[in-house]
Amino acid sequence: MYSLFSRKVKALSILENDIEFLKGVGPARGELLKKELEIFKFKQLVQYYPFRYVDRTKFYKVAEAHQDLPFIQIKGKLNNLQEIGGPRAKRLTAQFLDETGSIELVWFKGVRWIKEAIKPGVEYILFGKPTAFNGKINVVHPDLEPLSKANSVVQMGLQPVYSTTDKLTARGLHSKGIEKLQRNLIPQLEGKLSETLSPAILAENHLISRNEAIQNIHFPQSAELLKRAIFRLKFEELFLVQMQLIRMKLHRQKNIRGFVFEKVGTQFNTFYKNHLPFELTNAQKRVIKEIRKDLGQGFQMNRLLQGDVGSGKTMAGLLLMLMAIDNGFQAAFMAPTEILAQQHFQTLNEQLEGMALNVGLLTGSVKQAKRKIIHEQLLNGEMHILVGTHALLEDKVKFKNLGLVIIDEQHRFGVAQRSKMWKKNTLPPHVLVMSATPIPRTLAMTFYGDLEVSVIDELPPGRKPIETRHFFERSRLKVFGFLRKEIEKGRQAYVVFPLIEESEKLDLKNLQEGYEAISRAFPQYHISVVHGRMKAADKDFEMQRFAKGETQIMVATTVIEVGVNVPNASIMVIENAERFGLSQLHQLRGRVGRGAEQSYCVLMSGEKLSADGKKRMETMVRTNDGFEVAEVDLKLRGPGDLMGTQQSGILNLQLADLARDQQILQLARTAAQDLLQNDPNMVHPENKNVRRAFENFIKGRPNWSRIS
Ligand code: ADP
Ligand code: MG
């Protein structure tokens with residue numbers, strides 16, 4: 001990438017020392033630290049932060065000792081020292097008491113030495129992990145410090161706890177051993193650690209210096225300073241990630257030329273005036289404006305369009321495709337499933353009726369002869385819009401002049417797949433990825449930080465919020481009764497069963513049994529079944545029957561999750577709802593609430609729910625807001641599960657937690673944006689710290705080029 005600086009920084013050389021030369025390490029432990037913790041140099045030990053702290057200012061009473069406590073610290077006295085067992089299995093026990101009672105202390109090693117060192121009747125501070133043994137609480141190998149000499153301990157306040165491994169522990173590098181090493185290193189560095197942030201950023205965000213932060217994250221002078229140390233180091237971590245993402249975006253904007261869509265023409269205007277079936281929402285209008293602006297700039301657009309299920313992303317997409325056509329380009333609209341592609345194809349055809357535009361559909365099941373015609377029409381420009389699945393990506397699919405690619409439900413496509421579309425014209429076409437999975441802002445900023453983001457944050461008018469209820473299995477009759485009543489009113493219902501990927505058989509059995517139970521309960525109604533292993537044509541046939549109202553109940557696996565639109569269907573029953581993730585539940589719920597009727601989502605679950613399961617049910621019942629659902633999902637599952645572990649692994653964040661540190665991320669992003677806006681190459685003297693830190697950061701992440 002860029003060579004931002006070449007000057008060697010001598011003052012910091014101590015950090016480059018091999019770890020084996022640190023006092024207390026040596027060759028054997030050094031080898032082990034490298035192998036077990038990837039600590040090769042001093043600088044890596046510096047960044048080996050504690051994972052928690054023990055509050056050594058807090059004292060317990062004996063009566064409060066409980067095996068669930070990670071540690072206890074008690075003031076008290078010893079008596080009743082006893083050596084037990086023969087010469088081989090010798091152990092030492094003692095009673096430790098205060099005014100609330102007594103617990104047992106046990107030593108298995110160093111018995112003779114300890115017996116001489118500790119004195120009955122003297123006041124001690126006991127520190128250790130309480131365990132339960134034979135129904136009593138004891139502490140094995142406690143730390144004991146005479147109260148008279150204990151000032152050092154008490155003043156220590158928050159004591160760091162470092163994670164370690166069995167092999168390191170066997171070499172004396174348990175948490176305390178590592179703490180000792182840190183005590184040999186960290187105080188030496190006082191005032192010597194170079195700053196990574198600019199004075200302006202430090203001041204604006206009320207951050208403590210890197211020096212102070214490192215000192216305090218290992219050896220906090222106070223709880224307040226520890227908090228500020230962690231805040232500061234998280235900020236730095238997120239700031240550097242954002243710098244990279246924003247620079248990538250600027251780079252793309254400057255260097256990757258794109259087609260200019262300069263005008264709004266006949267197709268767009270005709271459609272807008274004569275064919276648009278409804279008034280656009282303000283959010284739709286705003287988003288189209290934002291995108292239009294991008295398309296006129298001459299660089300390639302890469303934009304994420306977020307909008308909750310039913311917010312009308314497709315219509316925004318359609319208008320943009322018309323804009324492409326008006327400017328002499330073709331457009332492609334890619335969806336992750338056959339059903340969805342077909343539905344888009346149908347909707348587009350209906351909406352564009354009477355408009356002399358040629359829309360094609362290309363999916364895996366399109367026959368060879370038809371394919372050939374599509375290929376030809378794409379090449380000679382007769383086809384204006386191609387809708388399809390992954391089939392669009394094939395090399396054989398060539399366009400005369402592809403200008404815009406819209407990708408629906410983009411989280412279902414991999415990066416590599418998307419980038420294939422880039423190559424389908426001389427300049428990369430503009431790309432709009434649409435997602436109904438509301439991505440929490442933090443994740444969007446982190447994973448798509450180099451994309452533009454537009455949000456449709458408003459539903460079309462007149463929608464009644466979906467009512468969501470949670471029922472246990474025992475209320476099934478009641479639920480069926482409710483279903484019956486609604487169907488009698490002319491409504492339709494989905495009943496969805498979870499897909500259990502590990503066991504296809506069980507999965508089908510579930511669906512089969514469910515289907516039979518429903519058939520028995522509703523003999524007077526027609527029932528459709530759709531699942532993943534049916535032929536596309538059969539699936540489509542069943543979907544169409546349901547869409548036309550010929551069947552009243554659709555029993556399905558999650559194949560109907562994405563995008564499907566049957567406005568008369570107003571009830572969604574989700575079986576074994578506890579097995580679904582939140583975002584999936586929300587997606588499923590989005591299948592109803594598309595018509596004028598009051599819609600319902602019924603979550604059926606087993607009686608026993610895990611804590612997470614309960615939280616998921618509660619969240620669904622409480623809110624219809626996809627972003628709120630996504631935030632809870634993020635907290636429950638972590639970013640890895642939400643975005644794919646591969647992507648989150650690339651980020652490799654040490655301290656920051658994308659679920660919890662949203663506020664810090666926001667601040668860090670703003671700081672990065674401001675800095676790069678004023679000084680894109682970080683050449684101003686006040687930004688030299690940042691430049692150096694950024695250069696180091698990039699060096700540490702060789703594979704980190706494009707993650708979105
Ligand atoms: P999603 O954002 O989930 O893809 P869709 O594009 O499928 O949502 O839109 C959901 C439904 O709302 C469709 O039936 C669509 O025709 C309708 N719709 C979209 N925009 C509007 C609007 N501005 N006013 C009324 N209905 C709209
Ligand atoms: Mg959609």
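Guide: The axes of helix α11 (residues 282-295) and helix α12 (residues 313-326) come within 10 Å and cross at roughly 35°, where axes are lines fitted to C-alpha atoms over the stretch in contact, with angles from 0 to 180 degrees between N-to-C directions, and helices are DSSP runs (H or I, at least four residues) numbered from the N terminus. This is a predicted model, in which local features need pLDDT of at least 70 and side-chain atom pairs count only at pLDDT 80 or more, while totals for chains, interfaces and linings use all residues. Residues are numbered from 1 along each chain as written, ligands are numbered from 1 in the order written, and side-chain values use heavy atoms, without hydrogens and water.

Visitor: Which residues of α11 and α12 make the contact?

Guide: Contact means heavy atoms within 4.5 Å, and Q284, I288, I291, R292 and L295 of α11 make it with M315, A316, L319, L320 and M323 of α12.

Visitor: What makes K313 a polar contact of ligand 1?

Guide: A polar contact is a pair of N or O atoms within 3.5 Å; an N or O atom in the K313 side chain is 2.7 Å from an oxygen atom of ligand 1, so the pair qualifies. A polar side-chain atom of R463 lies 2.6 Å from a ligand 1 oxygen atom, and a backbone N or O atom of E279 lies 2.9 Å from a ligand 1 nitrogen atom.

Definitions and conventions
A polar contact is a pair of N or O atoms within 3.5 Å; within protein, one must be able to donate a hydrogen and the other to accept it, and residues adjacent in sequence count only if both atoms are side-chain atoms. Helices (H or I, at least four residues) and strands (E, at least two) are DSSP runs, numbered from the N terminus.
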